[in-house]
Amino acid sequence: MRRWLAPAVVAAFALIAVVLLLAACGRNDPPNAGPASAATAPTPAASTPAAAAPADATPAPGTADSEPASTDYVLPGALAPDVGPEQLRRLFGSANVKIDDRLPGPEGEPFRGVVLFDGDPSRRAVLHYQDEQKLQGLAVVEVREPTTRWRLDNGVAIGQSLADLVRRNGKPIRFSGLGWDYGGTVTDWNGGKLGSGEGDAVMRHARLDFQPQAGRDDGVDAVPSGDSEYASDDPTYPRQGELLRVVEIGVSFPGEDDL
């Protein structure tokens, strides 16, 4: 300690001497002396404006019962395999997180999961967990309401046509035929812009369904059906690009068998 104390004391006395010398010089300054130079004048603390939220921000965390700060809902956003009910309450507000033991699943099998914003079709989303009892290992998030605000982070949203998906993707896509539980599900983005990038384990999903246009007599036979894969550029169905529209979006996460 003493080896560092001596220089510190010397420095302190030197600083006091400099201050006294400057004070003495200041008494001899002319009365109309200008202000201190920019180099020596104190700089007021600059106020930093809050950063604007990005356009695709996910709902911001709030208090236990508050609404999310953002009105933009993007998947996957903050959702990940390790996000359980407690984290969901912090993200969306506890009043907006409902645990339901009898959610309708594929082939009529009910399952236990979580519903976000159950009373608001514009924000409702259903979450499936690998461990339904403990609600651990978020596996799938799905959104089906036609008025939803949710969209995928690649821009896919409910209501878009098959033709629009192909344009956005930059390549033809493949999907399952209609008329069964998984009918209309996009099965292959063919390496296009809407598919998951290299190293991205999150899968983006979209499901199509027949949406007849007003004033036309197109029947369901104008679009492919059955448990087979079909291509968006199949000449057998020349109007399918207009007649098929996105009715469901979602994301799924890699398996966590070692929960």
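Predicted model: local features only at pLDDT ≥ 70, side-chain atom pairs only at ≥ 80, totals over all residues.
Of its 259 residues, 37% are buried. The protein exposes about 15500 Å², of which carbon and sulfur atoms supply 56%.

The largest pocket has a volume of about 440 Å³. Its lining consists of 21 residues, and those closest to the pocket centre are E142, R144, Y182, R207 and E248. By class, the lining contains nine nonpolar, seven polar and five charged residues. Three strands each supply at least two lining residues, namely β5 (136-143), β9 (203-210) and β11 (244-252). The largest share, five residues, comes from β11.

Two of these strands are also partners. β9 and β11 pair in the antiparallel sense over eight bridges. Within this pairing, R204 has V251 of β11 as its bridge partner. The two faces of β9 can be told apart by their cover: R204, A206, L208 and F210 form the covered face, whereas M203, H205, R207 and D209 form the uncovered one. R207, on the uncovered face of β9, is one of the residues closest to the centre of the largest pocket.

E145 lies in the loop between β5 and β6 (150-152). Is E145 buried or exposed? With a relative accessible area of 19%, E145 falls under the 20% cut-off and is therefore classed as buried. Not counting residues up to four places away in sequence, E145 touches P121, R124 and I158.

The segment after β11 contains P254. P254 counts as partly exposed because its relative accessibility is 32%, a value between the 20% and 50% cut-offs. Which residues are in contact with P254 once its neighbours within four places in sequence are left aside? They are Q130 and A201. P254 also lies 8.3 Å from M203, C-alpha to C-alpha, although the two are 51 residues apart in sequence. M203 itself belongs to the uncovered face of β9.

The peptide bond from L75 to P76 is cis, with omega near 5°; P76 is located in the loop between β1 (73-75) and α2 (85-92).

The other two places concern positive phi values. F117 is not a glycine, yet its phi is positive, at about 55°. This residue is found in the loop between β3 (110-116) and β4 (125-131). F117 has a relative accessible area of 3% and so is buried. N190, likewise not a glycine, has a positive phi of about 55° and is situated in the loop between β8 (186-188) and β9. At 30% relative accessibility, N190 counts as partly exposed.

Terms used:
Residues numbered from 1 in each chain as written. Heavy atoms only, no water. 1 Å grid on protein atoms, 1.4 Å probe; cavity = no way out; pocket = protein on both sides within 12 Å on 5 of 7 lines; lining within 4 Å. Points joined across faces, edges and corners; volume = space filled by probe spheres on them. Helix = DSSP H or I, 4+ residues; strand = E, 2+ residues; numbered from the N terminus. Nonpolar A, V, L, I, M, F, W, Y, C, P; charged D, E, K, R; others polar. Buried < 20%, exposed > 50% of the residue type's maximum accessible area, 1.4 Å probe, protein only. Areas by Shrake-Rupley, 256 points an atom, 1.4 Å probe, with all protein chains shown as cover. Contact = heavy atoms within 4.5 Å. Pairing = 2+ DSSP bridges.
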